[in-house]
Amino acid sequence: MENKKKHSKIGEYKPMDLLACAAAREVKDGEVVFAGTGLPMLAIMLAQKTQAHTAVCIYESGSIDGRPIDLPTSVADARCSYQAAVADGLMDAFGQLQSGRIDLAYLGGAEVDKYGNVNTTFMGGTNGKRLTGSGGNTDIHSLAKRSVLIMPQINQKRRFVEKVSYITSPGWKFPHGPNREWTHKKEVYGSAFRGGPAAVITDMGVYRFDENGEMYLDTVHPGFTAEECRENCSFDLNISRVKGETPTPTYEELELLHNVIDPEKIIMK
Amino acid sequence: MARPQIVSLKEAIQQIKDGDMLTFGGFTVWRRPMAAIYELIRQKKRNLHLVEVNGGTHDDMLAGAGCVAVWESCWSGHELYGKYGANLARKIENKEILYEDWAHIHALYRLAAGAKGVPFLPTYSAMGCDMLNPANDNLGKAGLRDGSNRHIGKYKYITYKEPFTNSDILLIPAANPDWCITHVQMVGEEGTVRVDGLRFSDEEAIKASKHNIIIAEQIVPEEYLRREPTRNMLPGYFVDYIVELPWGAHPTGLYGAYEPDGPFINNFFNSTRTQEGFDQWAEEWIFGVEDFEEYLSKLGITRLEKLRANPALGYSSTLKRG
């Protein structure tokens, strides 16, 4: 079945398919992954069925290394604990996170800025529109070795901003100390520094962070240009380092996503 | 220590006073004591102070019904069944509720510290977040950190230069709610509690609280649970009141028993976009029925049976989800 490893062409996949595949490819074999509700669950399940067979997934509700056969719809879903190694609780899951055992975490957000600060609390600051609040977003973003943000970008320019209007989850640089000076995370976290935002994956491209903690465009999805990615950001995005196009989903990845992982079309509508 | 009393839901909820601090077992839309939420609303409790590890459909409902004066937690929403807690959001935006936002670990450690009998627990999470920004210490800004309110401490948190590694670390203060209400699968006649599936932060929430109400799908002979003590979560002396109430977590889910009722929660969420919408919803599903039994009759056995879990999987393999 060599054909299955071939990459699909534009028109043969939806923007959501590429988003899920690009996210899944961030996982390395053997890693411990912390995932949230929604697309992150698809991404880790896809990674486990492709390049990262021995990667394990833990959920903040306390489900450790589950082997779900049906897609969960929340991190506390009974499906998460199917064939799990351990089903305990939050003290265990967050303890593992805080002690530096999490290699990679998937998160979402309503707003992200160029330093990878994330907002899920208020759009437009504390007098603005109230959202869900942090949940585990801030804990996971601040304590995982690498976090990967999954966000829609097409026609969502307002979500990619110079400065988020509320820092729910701190990225590479954020205001700190009595004078609230912008400080690098390493300086603030000291011996507790574990890492930080590694990538932002959208329906237009894959973004990473440079030595200075600033976001740049790494690969652009087929059908879009680097310029269009920049135009869909409210800040002056660095596109000088773009190294080419994001590989499209393989036929195998599409088959897994639609027929094995989410045949009920819960996320992949 | 007195044995817990087996009472009706109405009697148990009558023990809770206006102004009490409450927390709940469960996680987002799983294993929430929903029957108790309906009864708290029916009994028109006021000025409640919620301190929760995370919120969900249940605390948004209490907010909508005007029961809540102070909300302290890290999240409220309905998972995939509704984008956010619209009642709570509206009350926050209109400044009708005092709120204090925390990281998930903070909210957890507040109750864990309360359960362990220490004044705080330390954490690195999540230095640099705006929940720690002094400008967002809402209870402090409201002048409530002056000792006048027994539920509100002097400091939201303390940044401490700990001497072992010379790192900054945050000290998160303990919370000791007056009540925790928890829904479980099984409780013994003497109060031993068994939870199947994830325990979330129930143990911390229950042990931090001064009084506990356990609502169970079934009350079983104590001897049955004591045959396998490793499967049990809690001894009976933590429990004040026991209520037996099958389906008592509906519309949230219960591992091994029933799924969340997604369409029910989604319909609730859609109605909560306005206060009038919520009021109408509450009129139909809370005030319009005498008690939880009548609520279940209104839902009907056909609807409930579709949610029933397959015991081999812990969830339903036939429920239409997509």
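**Helix α5 of chain B.** At 1.5 Å a residue, the 13 residues of helix α5 (residues 104-116) of chain B should span 18 Å, which agrees with the 18 Å between its end C-alpha atoms; the expected span is 1.5 Å times one less than the number of residues. Helices (H or I, at least four residues) and strands (E, at least two) are DSSP runs, numbered from the N terminus. This is a predicted model, in which local features need pLDDT of at least 70 and side-chain atom pairs count only at pLDDT 80 or more, while totals for chains, interfaces and linings use all residues. Residues are numbered from 1 along each chain as its sequence is written, and chains are lettered from A and ligands numbered from 1 in the order in which they are written. Twelve of the 13 residues of α5(B) are buried, so the helix is largely enclosed by the rest of the structure (buried: 20 or more other C-beta atoms within 10 Å of a residue's own; exposed: 12 or fewer; partly exposed: in between; C-beta atoms are placed from the backbone). Among the buried residues are His104(B), Tyr109(B) and Arg110(B), and just after the helix Gly117(B) takes a positive phi of about 75°.

**Packing of helices α2 and α7 in chain A.** Helix α2 (residues 39-49) of chain A and helix α7 (residues 251-261) of chain A pack at an angle of about 120°, with their axes 10 Å apart; axes are lines fitted to C-alpha atoms, for helices over the stretch in contact, and angles run from 0 to 180 degrees between N-to-C directions. Leu42(A), Met45(A), Leu46(A) and Lys49(A) of α2(A) meet Glu253(A), Leu256(A), Leu257(A) and Ile261(A) of α7(A), where contact requires C-beta atoms, placed from the backbone, to lie within 7 Å.

**Positive phi at two exposed residues.** Arg180(A), in the loop between β12 and β13 (181-184) of chain A, has a phi near 50°, a positive value in a residue other than glycine, and counts as exposed because it has 12 C-beta neighbours inside 10 Å. Lys95(B), found in the loop between α4 (86-93) and β5 (98-101) of chain B, has a positive phi of about 55° although it is not a glycine, and with 10 C-beta neighbours inside 10 Å it counts as exposed.

**Cis peptide bonds in chain B.** The bond from Ser125(B) to Ala126(B) is cis, with omega near -10°, and Ala126(B) is found in the loop between β6 (120-123) and α6 (138-141) of chain B. Another cis peptide bond joins His250(B) and Pro251(B), with omega about 10°.

Methods
Two residues are in contact if their C-beta atoms, placed from the backbone, lie within 7 Å.
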